[in-house]
Structures are given as C-alpha cells and as structure tokens.
Amino acid sequence: MRIFRPVLLLTISSSTLLCLPAPAQNSGGEQGVSLGDIARQNRRSKQAGDTTPPGDKKAIDAGSSATNNASAAVAQVEGTVDYQYNIRTLLVLDRFEALDKAAAEERSSKARGQGGVWTLYLLYEAIIVPADSGSSGDEEWNAHIAKLKNWTIARPQSITARVALAEAYLSWAWQARGSGYAEKVADQGWELFGSRVEQAQRILLEAAKLPEHCPMWYESMQQVALAQGWDKARARALLDQAIAFEPKYYHFYREYTNFLLPRWYGDDGEAETFVKEVSKRVGGQEGAFLYFELATVITCHCDSDSEVMARLSWDKIKAGYTALQQSYGTSDLKMNRFAYMAYLVGDRTAARPVFEQLGPRWEQTIWKNKTRFEEARTWSNEAQVQGALTR
C-alpha cells in the first residue's frame, strides 16, 4: 500500500532541470555579526548561567567583520547543536548577509561533520522550520515564512534564501498532510499539501535562474519529485544532474533511495539494487560508506525489516560503517542505526561495542520506544554475561 497519492504537477520540461554551474563565491565583505562572535558569546553565557539569547547581547558588535571560515570552525569546536543554534540566531537577528556568507563558505569548503553529514545540510536544517515546529500552528509558520521572504527581498540574489523558503513550504506541506496512508488524509490536508508543494517548486524554478547555485537546490527538487509522484525516469534524470553538479553530496543518493522504496514508487528489491549499483560505481571508502548510508534508508524500523536485511549484505554494511568511522567519525544517530541493524541480523559481536559507546542515548525514530532499545542493549551483552557466569 502506497503512502500517498500524487498531486497535480506543474509542467516542467526536461530542459528546465539542467546541471547548474559551480557556485559563485561571495566577494562582498561582511559588515554584520559573525558566527565566531556568536559562538564565543554563547560559551560565555552558558558558563555564566545566562539564558539570554547571545544575539541580544550588546557585547556582540554589529559592525564587526565576520571571521574567515567561521562557520566551519564553529561546527568543529561547538558541535552540531551549537552550530545550528548560531545559524538560527543569525536568522532571528535578520543577519541575512552573514547567513549568505556562511552558506557560501559551506558550499566552497564542502565541510562534513560527525557522521559524514554535510555542514551545509545542517545549516539549512537549522532555518527551514519554526523554532518549535512540532507544536507550531499556522501563526508560527506564517511568521517564519514571512521572515524567510524578508531575506529574499533584502538579498534578491541569494540562492540560500530561496532554497530555505522552498524547504519551509515543503515542511509545512508535510505538516498539513501528515505521515499516514493516502486514504487517511483529509481533503483539506491534500489541498494544502498540494498548494504548498507547488509553491516550493515555483520558488526553486525561479532560484535556478540566479548566478549562484547550491547542492541543496537539487535535494529540495528531489523532495518535490517525491511529493508530486514523478515517474522514475524523470526522477532518475534529476538525480543524475544533481550528481554531475556535486558528486560527493551523498544526501542526493538518500533521497532517491527513499523514492524507490515500495511504500513510495519503487518495486520490491529496486532500492536494494540501486544501493549495490551506487556503492560499486563510487568504489573505495566512499562507496563503502554509501552502502551503509543507503541501507539505513531502506530499513523502515518496522516488522518487515528482517526481510529487508536479508536482501542486503551485512558484511558490506559493516564495512561501510567502518569506512564511516575512519573517514568522518560516527555520531549518535549513525550508531543507533548500526546497532539497530546489528540487532536485526543477530550480530552481538558487532552490536556490543556500539551499544557500549551509546550508553542510554537512543533515537526514537529508530527504536520507536525506549523499551525496545533497552531490550536490544541487554541482548548485546547476554553472551558476555553468560561467559562470565560460567568461568
């Protein structure tokens, strides 16, 4: 059973989805608050037990110049949470030029954080939804959309502003639709979903005409393709163009793997075939990493996952996780994903050290409830405990 029905498509010719040229560099000097300033103030505030947002502090000099490569440095030193907090603060303060500079630096550096995630991806993730999107109503969403629109007005050549706005409309569309099966969605939910997805698509098509371009543009259009139910040939053409633009932006492959799942538009085994194809074509450490990454997309954290794992190579998944650790370091999310798959295949030897490293830090999207996580963690230690008892 498919999760949703396709909605009315805007007409896009194949010539519209051309490979975009390499992103232009931002040559303008920054005359606003920098990420480095905010990070340092944020640290001081935390140490002092001060809860006032760092952007509100007079200690931040609005006329100071941005520190070179500040966003990449903050991502490494402060960690993902602080990095995204700092990015979010720039949006709150209407520091649109600083946001554009940060995004340009991420596109240029191609920096990746723990777990291999692109820092550019983390930047967008920080600004595309209201602060508390889980409980946000239309008032909060309208205010957030208005903020992003102000950015596009203040910075008419900003690709980042337009992609962020398109992403916001896509997120808002999914909130209206919900995550259930198609027949469970109310007519009003479908109407809002369709209109917001179309709005996102229009924004992206206009953004494609700008002189500066961004890998996230393609990923956002892939989300449009999923929401509108593009045919496989058209969706694959978009993927190929995305890879030609930025071959190392692995998030493209994750989006297309999701598109090929049976609950969307693929047939049984089609996503697994794609995973093998991509891993073999890319090759080396990155190809191994991709096998693990895309395998985690295929597992839906439900009763059928054992069948899915039988169609994948557990040895290749383990090799991919090792490649991830060696190339980028791991993260709580990636450890939870690996531990879950090790639990499914019954590999205690692989699972035990990961569960030990995780401790109690479980991911609800993966385990669904803490009881299941704790059961798996206990299972991973059973052989070790039994061995100790028999000595």
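Student: Which residues of helix 12 are buried?

Tutor: This is a predicted model, and in it the buried residues of helix 12 are Gly287, Ala288, Phe289, Leu290, Tyr291, Phe292, Glu293, Leu294, Ala295, Thr296, Val297 and Ile298. That makes 12 of the 15 residues, so the helix is mostly covered.

Student: And what do they pack against?

Tutor: The buried residues of helix 12 pack against helix 10 (251–259), helix 11, helix 13, helix 14 and helix 15.

Student: How far apart are the ends of helix 12?

Tutor: The end C-alpha atoms of helix 12 are 22 Å apart, which agrees with the 21 Å that its 15 residues should span at 1.5 Å a residue.

Student: You mentioned helix 14. Which of its residues are buried, and what covers them?

Tutor: In helix 14, the buried residues are Trp314, Ile317, Gly320, Tyr321, Ala323 and Leu324. Their cover includes helix 12 (284–298), helix 13 (305–310), helix 15 (332–345) and helix 16 (348–358). As for its length, helix 14 takes in residues 314–327, and its end C-alpha atoms are 20 Å apart, in agreement with the 20 Å that its 14 residues should span.

Student: What follows helix 14?

Tutor: Helix 14 is followed by Gly329, whose phi is positive, near 80°.

Student: New topic: how many salt bridges are there?

Tutor: The count comes to 21 salt bridges. In one of them the side chains of Arg311 and Glu272 meet, at 3.1 Å from N to O. Arg311 lies in the loop between helix 13 and helix 14, while Glu272 belongs to helix 11 (residues 270–282), so this pair ties together parts that are 39 residues apart in sequence.

Student: Are those two partners buried or exposed?

Tutor: Arg311 is partly exposed, with a relative accessible area of 36%, whereas Glu272 is buried, with a relative accessible area of 5%.

Student: What does Glu277 pair with?

Tutor: Glu277 forms a salt bridge with Arg281, and the closest N and O atoms are 3.7 Å apart. The two are 4 residues apart in helix 11, so they are separated by about one helical turn. Glu277 is partly exposed at 31% relative accessible area, and Arg281 is partly exposed at 47%. Through salt bridges that share partners, Arg236, Asp240, Glu277 and Arg281 are joined into one network.

Student: And Lys209, what is its partner?

Tutor: Lys209 forms a salt bridge with Glu206, with the closest N and O atoms 3.1 Å apart. Lys209 is exposed, at a relative accessible area of 62%, and Glu206 is partly exposed, at 48%.

Student: Where is His213, and what does its side chain reach?

Tutor: His213 lies in the loop between helix 7 (187–207) and helix 8 (215–228), and its side chain reaches the backbone oxygen of Leu210 at 3.1 Å. His213 counts as buried because its relative accessibility is 4%, under the 20% cut-off.

How values were computed: Residues are numbered from 1 along each chain as its sequence is written. This is a predicted model: local features need pLDDT of at least 70, side-chain atom pairs count only at pLDDT 80 or more; totals for chains, interfaces and linings use all residues. Side-chain values use heavy atoms; hydrogens and water are left out. Buried means under 20% relative accessible area, exposed over 50%, partly exposed in between (1.4 Å probe, protein chains only). A polar contact is a pair of N or O atoms within 3.5 Å; within protein, one must be able to donate a hydrogen and the other to accept it, and residues adjacent in sequence count only if both atoms are side-chain atoms. The expected span of a helix is 1.5 Å times one less than its number of residues. Contact means heavy atoms within 4.5 Å. A salt bridge is a side-chain nitrogen of Lys or Arg within 4 Å of a carboxyl oxygen of Asp or Glu.
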